[in-house]
Amino acid sequence: MPASFLLKAMPDDQLDRDRRRDQRHLIHSLHNAALQREAHIWTSGRGAILVDEDGREYLDALAGLWNVIVGHGRTELGRAAAAQMERLGFASTYAGGSNRPAIELAERLAGLCYPHIQRFFFTCGGAEANEAAFKTARFFWKLNGKPDKTKIVSRTWGYHGTTLAAMSATGIASYWPMFEPRVPGFLQIDSPYPYRFRPPAGAPAGDTRTPGQIAADLLEAAILREGADSVAAFIGEPVQGAGGVIVPPDDYWPRIRQICDRRQVLLIADEVITGFGRTGDWFALGRWGVEPDIVSFAKGITSGYVPLGGIGVSDAIGAALDAAAPPQTWMQAFTYSAHPVGCAVALANLDILEREKLLPRARELGDRLVSRLRTLESHPHVGEVRGLGLMAAVELVADKASRAEFPAAEQVGGKVHAATQQRGMFTRMRGDIYNFAPCYVTREDQLDRMVEILGESIEAVLGR
């Protein structure tokens with residue numbers, strides 16, 4: 001048994017009682033009553049380690065839910081929250097009110113974000129941020145005399161949240177059936193997904209476009225099909241996270257930016273996962289020389305210690321908001337927008353990121369992670385290893401040559417996930433894709449052990 005499992009465990013009867021209490025009273029955000037019967041009840045964490053009520057330690061391969069970037073157990077974040085609560089626990093930031101932590105955080109972000117994004121609105125999380133982004137896009141075009149520009153284009157395998165409009169933009173079909181019909185005016189194009197993207201049939205003879213350019217051109221085709229005067233914005237994650245860490249070709253995003261400019265469509269960068277250093281930069285589109293019109297963020301801004309998210313908008317959009325007069329009010333009306341405690345924790349979190357130089361560390365750890373994961377590529381069922389910065393994925397396949405997927409009924413991904421938990425590691429899967437996005441403070445030996453555990457688990461489930 002691994003040493004990490006030798007902590008004193010809670011008596012089984014207490015653990016069973018807590019699980020029964022959980023099942024009796026708590027509804028989970030991805031609710032599955034059967035899974036809760038053996039669920040972990042997490043009790044503490046430190047660095048890259050989570051501890052459950054059974055007393056067992058687990059390497060946190062997904063930094064909570066892509067968000068605990070400075071690691072678990074950072075007492076300075078707790079102190080920042082407590083100090084702010086003692087001064088001012090809450091005050092409304094509706095018109096006529098503000099607070100110093102919110103002002104300071106917006107000013108701080110202006111120095112870290114894209115050069116043409118200097119204005120910020122704060123929410124409680126990523127789905128709310130994307131909802132605000134959609135509304136802002138519609139608002140902007142109405143002010144500019146184009147009230148019919150309301151549609152939002154997104155991509156398959158994109159994840160943008162599960163509130164009703166955000167779910168309608170999310171391109172993971174398993175989220176839809178029990179909540180249909182989706183909000184009208186949302187449509188998806190194919191992801192650039194290099195491992196699985198197939199250009200549409202009927203390409204002209206002598207077509208010299210790259211796969212990245214062909215994938216980007218699907219956006220222009222959709223805009224023309226819908227009518228450019230009806231499309232408000234395109235939303236995409238720089239690297240698709242929950243969909244399986246899908247890294248686009250390098251020529252994809254520059255062409256997307258050109259198409260949006262040519263067709264007068266706003267570009268929304270969903271950086272809920274990639275923001276605050278996950279790819280090694282403060283925000284991810286900059287690595288391709290691209291700036292969005294709106295950026296949405298959450299997760300890493302507070303390392304998940306307090307709920308906080310938001311959007312940043314371009315100078316042009318900010319000027320439009322300022323110029324609008326009643327009754328053209330930019331109405332969001334979130335009670336907890338710019339919450340002083342959330343903003344204070346975000347500021348302390350940014351201090352940690354800068355003081356401990358965690359962005360370059362994320363780049364270094366990411367290089368190490370992908371390099372180590374590539375040692376698994378010799379396995380006949382490891383189809384692809386991919387990643388950018390400190391986020392990576394291993395895609396398991398039934399047949400390497402054809403890239404055929406396992407039948408869903410075989411639950412291969414679930415079995416591998418169970419095997420990794422037995423060996424002391426926890427994450428989330430997308431089908432048969434094992435996702436990694438560890439804390440930036442993960443030690444090198446812990447990172448190496450994560451790879452070893454996955455390798456051992458793949459062999460345990462699928463053989464050598």
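E395 is buried, with a relative accessible area of 3% (buried means under 20% relative accessible area, exposed over 50%, partly exposed in between, with a 1.4 Å probe and protein chains only). R196 is partly exposed at 22% relative accessibility. The two side chains form a salt bridge, 2.8 Å from N to O (a salt bridge is a side-chain nitrogen of Lys or Arg within 4 Å of a carboxyl oxygen of Asp or Glu). This pair links distant parts of the chain, 199 residues apart. E395 sits in strand 12 (residues 392–396), and R196 in the loop between strand 6 (186–189) and helix 8 (211–226). Helices (H or I, at least four residues) and strands (E, at least two) are DSSP runs, numbered from the N terminus.

## Basis of the model

This is a predicted model: local features need pLDDT of at least 70, side-chain atom pairs count only at pLDDT 80 or more, and totals for chains, interfaces and linings use all residues. Residues are numbered from 1 along each chain as its sequence is written, and side-chain values use heavy atoms, with hydrogens and water left out.

Strand 12 pairs with strand 11 (residues 382–387). Two strands pair if DSSP finds at least two bridges between them. Here there are five, and the strands run antiparallel.

Four residues separate the two strands of the hairpin. G389, in the turn, has a positive phi of about 60°. Strand 11 is mostly covered, with five of its six residues buried.

## Other salt bridges

The structure holds 29 salt bridges. One of them joins D293 and R257, whose closest N and O atoms are 3.0 Å apart. D293 lies in the loop between strand 8 (266–270) and strand 9 (294–297), and R257 in helix 9 (residues 252–263), so the pair ties together parts that are 36 residues apart in sequence. Both ends are buried: D293 has 14% relative accessibility, and R257 has 13%.

R374 and E377 also meet in a salt bridge, at 3.3 Å from N to O. Here both ends are partly exposed. R374 stands at 39% relative accessibility, and E377 has a relative accessible area of 30%.
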